[in-house]
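This briefing covers one predicted model. The points below are grouped by topic.

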Amino acid sequence: MLNYAIRRLLFAIPTLLIISFLIFAILDLAPNDPTGNLPLTIPPEVREKIRMALGLGDPFPIRYLKWLQQFFINEPLNIIEQAFGITIGDSENRLRVQSWATRSPVVDLIIERTPQTLWVVGMSYVVGILIAIPIGVISAYRQYSVFDQVGTFISMIGFSVPTFFTGLLFIVIFSSTLGWLPSIYDTTHEVTDFASFWFQVKQMIMPVMVLALFNASQLSRFMRASMLDNLSQDYVRTARAKGLKEKVVLLVHVLRNSLIPVVTVIALGIPQIFGGAIITEQIFRVNGLGQLLIVGIQGADIPLVQTLTFIFAILIVFFNLVADIVYGMLDPRIRYE
Amino acid sequence: MTQQASEINSTAEDQVLLQVSNLSMHFPIYQGLMRRQVGEVKAVDDISFDTYRGETLGLVGESGCGKSTAGRAILKLYQPTAGRVMLDGVDVTQMEGEQLRALRTDMQMIFQDPQACLNPRMTVGSIIAEPLDEHTRLKRAQKRERVRELLDAVGMNPAFENRYPHEFSGGQRQRIGIARALALEPKFIVCDEPIAALDVSIQAQVVNLLEDLQSQLNLTYLFISHDLSMVRHIADRIAVMYLGKLVELAPRQRLYSLPQHPYTKALLSAVPEPNPETEAVRERIILQGDVPSPANPPSGCNFSTRCPVAEARCRTEIPAWRELDSGHFVACHMV
């Protein structure tokens with residue numbers, strides 16, 4: 001297993017290098033201009049100087065190699081220095097990946113934004129899983145019952161209606177009309193006592209539920225299908241013939257086997273949490289990673305977009321490996337060599 | 001074996017372990033937009049027979065005639081539509097929930113497909129030990145001892161207890177299935193085509209194992225099969241099924257030498273002779289047509305559409321299940 005994981009990680013290196021190159025090339029080919037958002041009164045020759053100052057004067061391969069060096073050497077060195085409080089080499093003049101818009105290091109921006117995203121989007125993922133699994137299990141066990149029909153209907157709505165619509169609908173109902181919940185997520189809010197904790201809960205409910213509904217709709221379908229698949233297996237009949245309690249048959253035999261593919265789907269979905277729900281974060285003004293990416297794209301902030309997208313790529317490759325390994329641990333028929 | 005069978009016949013009713021009376025298993029058919037019930041598949045229709053302690057009752061018939069359904073309905077893995085199943089004086093069909101679970105220690109089943117009927121994620125040890133967890137209060141060490149004992153009894157290495165089912169061959173998996181069924185020391189075991197999925201070379205091993213275990217543990221088998229020569233080898237008495245109904249039941253020797261029902265005759269004539277000279281002149285009864293659908297069985301005798309000797313009466317009147325002479329039952333107007 002360990003050998004397999006190491007081999008997969010080694011194979012990931014060329015894959016990621018190719019991905020980083022593709023992202024860089026696509027962003028470079030895109031007709032965007034980092035000075036496009038600046039006031040129109042700035043004369044063209046000044047704009048040209050700004051572009052030169054941002055490093056756009058270098059040819060494409062040079063810029064790519066510089067980014068590679070900044071991302072793979074300078075940034076890790078910086079993280080090590082900060083973590084252990086030491087100085088390695090000439091750290092004052094070491095160039096980090098810098099945002100063109102804010103002139104601050106991209107990695108610092110990402111570290112700053114990550115907690116909000118993990119809280120809101122991560123929480124919605126957890127809530128979604130907690131809703132989806134019982135619904136999937138009961139729907140499958142009572143196939144074609146009223147519960148199953150209603151569950152199917154709701155999950156169809158859940159993943160066919162986009163989150164930007166349900167989000168706005170929630171805001172109209174719960175913020176504008178009923179006035180129960182705030183429509184804007186306040187990132188600066190700090191939890192100090194019960195009242196502020198309650199406010200935190202209230203401001204999280206809507207973004208979390210919008211995303212949870214979407215996640216739960218998909219996962220509950222997976223869960224239901226997987227349960228149905230296993231419920232009709234012969235070993236379930238064997239379990240009943242052994243005289244086991246129905247609860248044991250369902251939870252020990254059927255559920256545990258049904259969870260194998262579902263756990264894989266869940267693991268594969270984790271990178272999306274880090275990606276942030278771009279649209280939902282935008283609607284509720286959660287300034288997480290998704291919003292950072294949107295602002296970066298709008299402002300043609302290429303180093304920011306490049307770095308952020310590449311980190312997503314790393315996470316996707318990594319969680320693919322995690323999903324495979326988890327699958328191998330859960331299913332004794334699968335062994336990696 | 002003949003002696004044994006006649007002994008069983010001579011000893012009276014108190015030797016009966018399992019008494020099946022008028023058992024029916026009909027599955028509803030739903031169709032259309034509103035899923036209305038439009039009919040039913042009469043998978044098992046009004047069958048009655050007794051099984052004596054320590055004997056093997058063979059249940060034969062072609063595919064789809066309701067053999068497996070009958071076996072499962074007897075063990076109440078299905079809820080039978082009608083009828084009564086008395087196992088050692090207890091009516092299984094009336095049992096529900098906890099009572100039924102407790103009764104599972106007396107009756108077990110060996111399934112046809114040894115691959116599919118073992119949970120792929122459980123080790124062999126835990127598959128066999130699970131009924132012990134559920135029905136006994138053995139200590140962990142005692143359970144482990146029992147599992148190893150059972151594996152040994154079915155001719156497997158006790159060290160295999162930590163392996164998973166996919167690591168074994170078909171025959172070994174069937175042995176695991178047998179060990180699993182034996183774990184609770186049942187009185188009665190339904191063997192649902194236990195050898196159909198195995199290679200011929202392995203079939204004999206498994207059948208011999210079943211016979212050895214029967215004599216050691218005084219087990220009673222309902223041996224469901226479509227393999228006539230294998231049933232002839234293992235069964236003391238044989239019941240023949242056609243389209244959900246029993247057509248004939250007789251001690252083995254008698255059934256093979258003096259079959260009464262035209263379907264039994266046709267079925268037995270299909271068994272090839274080992275001797276090529278007699279095989280060449282052997283007369284085969286070839287039945288015309290196909291088996292009717294159990295959702296829409298013919299009126300009168302189920303076999304009347306294909307019977308070589310059917311008369312007008314056979315197409316209107318359902319033949320009664322009657323005893324010809326001691327222990328030979330048949331359902332036919334023409335006998």
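How many of the residues of strand 10 (residues 245-251) of chain B are buried? Seven of its seven residues are buried, and strand 10 of chain B is mostly covered. The strand belongs to an open sheet of eight strands in chain B, with the order 6-7-8-3-9-10-12-11 and mixed pairing. All of this describes a predicted model, for which ipTM is 0.78 and pTM is 0.78.

**Chain B overall**

- Chain B contains 11 helices and 12 strands.
- The radius of gyration of chain B is 21 Å, close to the 20 Å given by the globule rule for 335 residues, so the chain is as compact as a globular protein of that length.
- Taken along the principal axes, the C-alpha atoms of chain B fill a box of roughly 65 × 60 × 40 Å.
- Buried residues make up 40% of the 335 residues of chain B.
- When contacts in chain B between residues at least 6 apart in sequence are considered, 63% of them join residues at least 24 apart.

- Met109(B) has Val190(B) in strand 7 of chain B as its bridge partner.
- Strands of a sheet pair through backbone hydrogen bonds, in either the parallel or the antiparallel sense.

**Neighbours of strand 10 of chain B**

- Strand 9 (residues 237-242) of chain B pairs with strand 10 of chain B in the antiparallel sense, over six bridges. Tyr242(B) has Lys245(B) in strand 10 as its bridge partner.
- The hairpin of strands 9 and 10 of chain B has two residues between the strands, and Leu243(B) takes a positive phi near 50° there.
- Strand 10 of chain B is also joined to strand 12 (residues 328-330) of chain B by two bridges, and these strands run antiparallel. Leu249(B) stands opposite Phe329(B) of strand 12.
- Helix 10 (residues 262-269) of chain B lies across strand 9 and strand 10 of chain B, and runs at about 105° to strand 9.

- Strand 11 (residues 322-325) and strand 12 of chain B run antiparallel and are joined by three bridges. In this pair, Glu323(B) has Phe329(B) of strand 12 as its bridge partner.
- The two strands form a hairpin with two residues between them, and Gly327(B) in the turn has a positive phi of about 80°.

**The four-stranded sheet of chain B**

- Chain B also has an open sheet of four strands in the order 2-1-4-5, with antiparallel pairing.
- Its edge strands are strand 2 (36-52) and strand 5 (90-91) of chain B, and each pairs on one side only.
- Strand 4 (residues 82-87) of chain B pairs with strand 5 of chain B over two bridges, in the antiparallel sense. The bridge partner of Leu87(B) in strand 5 is Val90(B).
- Helix 2 (residues 67-74) of chain B lies across strand 1 (16-31), strand 2 and strand 4 of chain B, at about 75° to strand 2.

**Helix 4 of chain B**

- Helix 4 (residues 124-135) of chain B has the buried residues Val124(B), Ile127(B), Ile128(B), Ala129(B), Glu130(B) and Pro131(B).
- These buried residues pack against helix 5 (140-153) and helix 6 (170-182) of chain B.
- An α-helix has 3.6 residues a turn, so residues three or four places apart point the same way.

**Interface with chain A**

- In the interface, 17 residues of chain A are in contact with 21 residues of chain B.
- On the side of chain A that touches chain B, helix 8 (234-241) and helix 9 (246-275) of chain A are the elements that give two or more residues.
- Helix 8 of chain A gives the largest share of that side, six residues.
- By class, the residues on that side of chain A are four nonpolar, five polar and eight charged.

**Confidence**

- Chain B has a mean pLDDT of 87, and 96% of its residues reach 70 or more.
- Over residues 5-10 of chain B, pLDDT stays under 50, and the model has 11 contacts beyond four places in sequence for this stretch.

Conventions: Residues are numbered from 1 along each chain as its sequence is written. Chains are lettered from A and ligands numbered from 1 in the order in which they are written. This is a predicted model: local features need pLDDT of at least 70, side-chain atom pairs count only at pLDDT 80 or more; totals for chains, interfaces and linings use all residues. The radius of gyration is taken over C-alpha atoms; the globule rule is 2.2 Å times the number of residues to the power 0.38. A residue is buried if 20 or more other C-beta atoms lie within 10 Å of its own, exposed if 12 or fewer, and partly exposed in between; C-beta atoms are placed from the backbone. Two residues are in contact if their C-beta atoms, placed from the backbone, lie within 7 Å. Two strands pair if DSSP finds at least two bridges between them. Ala, Val, Leu, Ile, Met, Phe, Trp, Tyr, Cys and Pro count as nonpolar, Asp, Glu, Lys and Arg as charged, and the others, Gly among them, as polar. pLDDT is the predictor's confidence in each residue, from 0 to 100. Axes are lines fitted to C-alpha atoms, for helices over the stretch in contact, and angles run from 0 to 180 degrees between N-to-C directions.
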